[in-house]
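Below are my notes on the model you sent. They are arranged as numbered points, with each cut-off given where the term comes up.

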Amino acid sequence: MTKDRIAGVVLLIFCIFFYFQTKLIDIKDLTEISAAFFPRLLLGLIAGLTVVMIIQSFLKKERKTASEKEKNEKEGIVWIIFALFALYILSLALLGFIISSFIFITIVYLIILPVKRPVKSHVIALSSILVITIALSFIFENLLNVFLPTGIFF
């Protein structure tokens, strides 16, 4: 069994588990779209993409072109991102959703950049990250009635 298949199976189990967890979300029927809509939508998208990944793992052959060093570097980045994600979750209560999310996404963006880019592209990317974070906070709190952690600053 390849890594993609193992990861796919684990991710499908993750999606199924959290889909059933969304049934525990308190729905107040204030809007047509309930608070469980967005998590279920994301879980459905992740599950669909996971099924595609599993199917592709059966169809493609293992590539021999990437060197072992590149593979180890990529796997190292994945573990770093997992560690950052754990820190992000822990920082939500202290810093709040907007600040924690902006810092987390910015650090991940800087880590996964393949090559150096002009400053203008960084400014555009960081501005987009900030706008998306604030927009998500607005959508969750005002349209979905899901209150996000505020932290000590907001």
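1. Terms for exposure. A residue is called buried when its relative accessible area is under 20%, exposed when that area is over 50%, and partly exposed in between, using a 1.4 Å probe and protein chains only. By that scale Leu 41 is partly exposed, because its relative accessible area is 37%. Leu 41 sits in helix α2.

2. Basis of the model. The model is predicted, so local features need pLDDT of at least 70 and side-chain atom pairs count only at pLDDT 80 or more, while totals for chains, interfaces and linings use all residues. Numbering starts from 1 along each chain as its sequence is written, and side-chain values use heavy atoms, with hydrogens and water left out.

3. Overall make-up. The protein has five helices and zero strands, which gives the pattern α-α-α-α-α along the sequence. Helices (H or I, at least four residues) and strands (E, at least two) are DSSP runs, numbered from the N terminus. Of the 154 residues, 21% count as buried. The protein exposes about 11,600 Å², and carbon and sulfur atoms supply 74% of that area. Accessible areas come from the Shrake-Rupley method with a 1.4 Å probe, and for residues only the protein chains shown count as cover.

4. Contacts across the sequence. Contact here means heavy atoms within 4.5 Å. Among contacts between residues at least 6 apart in sequence, 65% join residues at least 24 apart.

5. Nonpolar surface patch. Which residues form the nonpolar patch on the surface? They are Leu 11, Phe 14, Phe 17, Phe 18, Ile 33, Phe 37, Leu 41, Leu 42, Leu 45 and Ile 46, with about 830 Å² of accessible area together. The elements giving two or more residues to the patch are α1 (3–21) and α2 (37–59). The largest share, five residues, comes from α2. Patches are made of residues with over 30% relative accessible area and no salt bridge, like charges being joined within 9 Å and nonpolar side chains (Val, Leu, Ile, Met, Phe, Trp, Tyr) within 5 Å. A salt bridge is a side-chain nitrogen of Lys or Arg within 4 Å of a carboxyl oxygen of Asp or Glu.

6. Leu 42. Leu 42 is partly exposed, because its relative accessible area is 37%. The C-alpha atoms of Leu 42 and Tyr 19 are separated by 9.7 Å, and the two residues are 23 residues apart along the chain.

7. Thr 22. Not counting residues up to four places away in sequence, Thr 22 touches Ala 36, Pro 39, Arg 40 and Leu 43.

8. Packing of α4 and α5. Helix α4 (residues 97–112) and helix α5 (residues 119–143) pack at an angle of about 145°, with their axes 9 Å apart. Residues making the contact include Phe 97, Ile 98 and Tyr 109 of α4 and His 122, Ala 125 and Thr 133 of α5. Axes are lines fitted to C-alpha atoms, for helices over the stretch in contact, and angles run from 0 to 180 degrees between N-to-C directions.

9. Thr 133, in helix α5, is buried, because its relative accessible area is 2%. Leaving aside neighbours within four places in sequence, Thr 133 is in contact with Phe 97, Ile 98, Ser 101, Phe 102 and Ile 105. Ile 103, in helix α4, is partly exposed, with a relative accessible area of 38%.
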